[in-house]
Amino acid sequence: MKYVVILGDGMADYAYKELGGKTPLQYARTPWMDSLAMRGTVGLVQTIPPGMAPGSDVANLAVLGYDPRRYYTGRAPLEAASLGLELTPADVAYRCNLVTLSDDEPYHAKRLLDYSAGEIDTAEAAELIAAVDQYLGAPGRHFYPGLSYRHVLVWQEGPLNVRLTPPHDISGQVVGPYLPEGDGATAVLTLMERSHSLLSAHQVNHARRARGLSPANSIWIWGAGKKPVLPLFRELYGLEGVVVAAVDLVRGIGRCAGLEAPVVPGATGNIHTNFRGKARAALDALSAGYDFVYLHIEAPDEAGHQGNLELKVRAIEAIDREVLSEILKGLEAYPDYRLLLLPDHTTPVSTRTHGTDPVPFVIAAKEPLNGGAGTFDEPAAAGTGLRIEPGFELLPRYFLRPGLRNGPS
């Protein structure tokens with residue numbers, strides 16, 4: 001038996017008049033997803049527990065079968081794990097975006113123009129983060145480069161009880177009301193303000209402006225947390241597995257759970273990612289003897305954050321055409337398999353941030369299962385009447401082999 005989870009990050013959404021009153025999932029041409037829905041079990045799953053912030057960190061923990069209320073310690077420590085950073089009990093990790101702010105003065109009057117600095121190239125970003133670390137780093141405080149605009153700050157005894165806002169929640173808004181507040185806020189804000197003068201004058205940003213690109217003219221610190229401790233996936237479920245993902249967050253969750261996390265050439269975390277390469281990496285892992293693959297695709301979420309309806313439809317269609325089709329063809333080589341397809345959370349184009357609504361899922365196998373629907377989308381899933389809550393029960397109770405434990409609740 002082989003088990004594959006395909007997760008289209010932020011794929012679920014609302015209906016829009018521009019799409020004829022349909023959601024992006026309804027509107028997109030997805031013959032492979034619809035074929036799964038017709039022969040699988042379809043329903044809704046509540047991946048975000050009540051009262052918790054609707055982030056990919058919380059949602060992906062739940063989808064992997066871990067109760068976020070018990071195991072979530074913050075976003076950045078998971079990303080630090082992906083980068084191979086060993087946190088001590090005294091360390092606090094923070095997510096550190098490279099962002100584009102307006103030229104308004106003073107700092108609190110600026111607007112957040114782009115939470116990703118134009119999806120800055122990873123090599124350019126690494127040069128900027130190296131400069132930030134040289135200028136703002138200190139004994140016990142260091143900045144580490146990640147993928148594109150996503151980076152990590154590790155700060156020994158750093159402030160933990162400070163209110164920090166994800167930058168993708170405030171696109172286009174004046175930053176003043178969303179700057180750090182609480183114990184230690186001044187120290188965090190000082191780093192952000194000092195980074196602006198450094199980065200605005202950096203040669204990388206001079207070159208980006210000359211090419212008509214958004215300058216990465218500030219860091220934005222958020223997602224604080226301490227080192228998590230997750231039970232190993234193999235010990236909970238008796239399966240050896242692999243996480244195929246571009247973004248450090250999901251790779252980090254996988255590594256904390258004891259799953260392998262191979263690097264896929266050309267995997268970017270946006271619409272220009274190597275879709276087929278990720279599908280091939282998943283199939284290669286199965287053929288190498290792994291039992292379980294968690295395949296994560298970020299592109300729909302990025303489109304939602306950008307408020308780009310057309311791009312979100314394109315991303316969903318690419319997942320169907322270039323990922324799901326390849327995985328299903330490859331799985332035919334095995335006597336039996338189970339495949340779970342779902343988003344982790346909603347990322348509505350209308351709000352440009354994450355939502356707490358339940359999301360559709362479909363579980364399929366080589367032979368048809370009960371509880372299918374005619375299409376794979378939000379209304380069809382709601383129409384089946386099947387709803388799984390809490391969401392961390394979906395993987396162990398409804399997807400994996402009968403008789404396994406119900407997960408680390």
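In the second largest pocket, H5 gives the largest share of the lining, 3 residues. Helix H5 (76-82) and H10 are the elements that give two or more residues to that lining; helices here are DSSP runs of H or I with at least four residues, strands are E runs of at least two, and both are numbered from the N terminus. Before going on, a word on the source: this is a predicted model, where local features need pLDDT of at least 70 and side-chain atom pairs count only at pLDDT 80 or more, while totals for chains, interfaces and linings use all residues. Residues are numbered from 1 along each chain as its sequence is written, and side-chain values use heavy atoms, with hydrogens and water left out.

**Pockets**

A pocket is an open set of points on a 1 Å grid over the protein atoms alone, with protein on both sides within 12 Å along at least five of seven lines; a cavity is a set of points where a 1.4 Å probe fits but cannot get out, and lining residues have an atom within 4 Å of a point. Volume is the space filled by probe spheres set on the points, with grid points joined across faces, edges and corners.

The second largest pocket has 14 lining residues, and Ala81, Glu86, Lys227, Pro228 and Cys256 lie nearest its centre. The largest pocket has 21, with Ala53, Asp57, Tyr72, Pro166 and Trp222 nearest the centre. Helix H3 (56-63) and strand E9 (218-225) each bring at least two residues to the lining of the largest pocket, and E9 gives the largest share, 3 residues.

Here are the volumes of the spaces:

| Space | Volume |
|---|---|
| Largest pocket | about 470 Å³ |
| Second largest pocket | about 240 Å³ |
| Largest cavity | about 130 Å³ |
| Second largest cavity | about 50 Å³ |

By class, the lining of the largest pocket splits into 11 nonpolar, 7 polar and 3 charged residues (Ala, Val, Leu, Ile, Met, Phe, Trp, Tyr, Cys and Pro count as nonpolar, Asp, Glu, Lys and Arg as charged, and the others, Gly among them, as polar).

**Cavities**

Around the largest cavity sit 17 lining residues, of which Arg75, Arg95, Tyr149, Arg150 and Glu298 lie nearest the centre. What classes make up this lining? It has 8 charged, 5 nonpolar and 4 polar residues. Helix H10 (248-256) and helix H12 (299-305) each supply at least two of the lining residues, and H12 gives the most, with 3.

The second largest cavity has a lining that includes Gln46, Thr47, Ile48, Glu389 and Phe392. That lining divides into 7 nonpolar, 3 polar and 1 charged residues.

**A helix pair**

Helix H6 (residues 122-136) and helix H7 (residues 185-200) pack with their axes 10 Å apart, at an angle of about 120°. Axes are lines fitted to C-alpha atoms, for helices over the stretch in contact, and angles run from 0 to 180 degrees between N-to-C directions. H6 and H7 are therefore oblique to each other; angles under 35 degrees count as roughly parallel, over 145 as roughly antiparallel, 65 to 115 as roughly perpendicular and the rest as oblique.

Which residues meet? Leu128, Ala131, Val132, Tyr135 and Leu136 in H6 are in contact (heavy atoms within 4.5 Å) with Leu191, Arg194, Ser195, Leu198 and Leu199 in H7. By class, this contact has 8 nonpolar, 1 polar and 1 charged residues.
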